[in-house]
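Subject: Handover of a structure

Dear colleague,

Please find below the structure that I am handing over to you. My notes on what was found in it follow directly after.

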Amino acid sequence: NHKWYIVHAYSNFEKKVAEAIREQAHNQGLDDCFSEILVPTEDVVEVRRGRKINSERKFFPGYVLVKMNLTDEAFHLVKNTPKVTGFLGSGSKPMPVSDKEVQRIVGAIEEGVERPKPTIRFDIG
């Protein structure tokens, strides 16, 4: 009965949120309510100062994918996790995301598309 949900978190705290959800679930005996928690990232090669540097880039900054059984306890655990602003969805009820959509996201990560991070340049003059 586990479905995928998208949890909105503070940017740059996605991994901390994922870890906090895992920890809280374990501490509250709710391990069985959560099957997967993903922070979609990809490894990219950037060129900085003429050198290639491997870095990790988040596919969806500010979002964590959580496969869970949406019980009241699990819902409140996620909602009360520090740095979580809520679930993606309309109104008070989180909307599940299809497995197909999650596979598309994960598939794009596994392809390892090497795209350089966009850089913004300002011409002053």
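A polar contact is a pair of N or O atoms within 3.5 Å, and within protein one of the two must be able to donate a hydrogen and the other to accept it. By that criterion, the side chains of Glu-46 and Arg-48 are joined by a polar contact of 3.1 Å. Please keep in mind throughout that this is a predicted model.

Two glutamates in strand 3

Glu-46 belongs to strand 3, which covers residues 41–48. Is Glu-46 buried or exposed? Its relative accessible area is 10%, and because buried means under 20%, Glu-46 counts as buried.

Glu-42 is also placed in strand 3. Its relative accessibility is 3%, so Glu-42 is buried. The side chain of Glu-42 has a polar contact of 2.7 Å with the side chain of Arg-57.

The sheet

Strands of a sheet pair through backbone hydrogen bonds, and the pairing may be parallel or antiparallel. Here, 4 strands make up an open sheet with antiparallel pairing, in the order 2-5-1-6. Its edges are strand 2 (34–38) and strand 6 (84–87), each of which pairs on one side only. On average, neighbouring strands of this sheet are turned by 25 degrees against each other, direction ignored.

One pairing may be followed in detail. Strand 1 (residues 3–9) and strand 6 run antiparallel and are joined by 3 bridges. Which residue of strand 6 is the bridge partner of Val-7? The partner is Phe-87.

Helix 1

Helix 1 spans residues 14–27, which makes 14 residues. From its first C-alpha to its last it reaches 20 Å, close to the 20 Å expected at 1.5 Å a residue. Its buried residues are Glu-14, Val-17, Ala-18, Ile-21 and Ala-25. These residues lie on the same side of helix 1, because they cover an arc of only 100 degrees around the axis. On the other side of helix 1, the exposed residues Lys-16, His-26 and Asn-27 are found.

What covers the buried residues of helix 1? The cover includes strand 1, strand 2, strand 4 (51–58), strand 5, helix 2 and strand 6. After helix 1 comes Gly-29, which has a positive phi, near 70 degrees.

Helix 2

Helix 2 (residues 72–79) lies across strand 1, strand 2, strand 5 (63–68) and strand 6, and its direction is at about 145 degrees to strand 6. The buried residues in this helix are Ala-74, Phe-75, Leu-77 and Val-78. Seen down the axis of helix 2, they fall within an arc of 160 degrees and therefore line one face of the helix. Their cover includes strand 1, helix 1, strand 2, strand 5 and strand 6.

Lys-79 is also part of helix 2. With a relative accessibility of 37%, Lys-79 counts as partly exposed. Leaving aside residues up to four places away in sequence, Lys-79 touches Val-84, Gly-86 and Phe-87. Phe-87 is the residue already named as the bridge partner of Val-7. Lys-79 and Ile-21 are 58 residues apart along the chain, while their C-alpha atoms are separated by 9.7 Å. Ile-21 is one of the buried residues of helix 1.

Yours sincerely

Key. Residues numbered from 1 in each chain as written. Predicted model: local features only at pLDDT ≥ 70, side-chain atom pairs only at ≥ 80, totals over all residues. Heavy atoms only, no water. Pairing = 2+ DSSP bridges. Axes fitted to C-alpha atoms, helices over the stretch in contact; angles between N-to-C directions. Contact = heavy atoms within 4.5 Å. Expected span 1.5 Å × (residues − 1). Buried < 20%, exposed > 50% of the residue type's maximum accessible area, 1.4 Å probe, protein only. Arc of directions from axis to C-beta.
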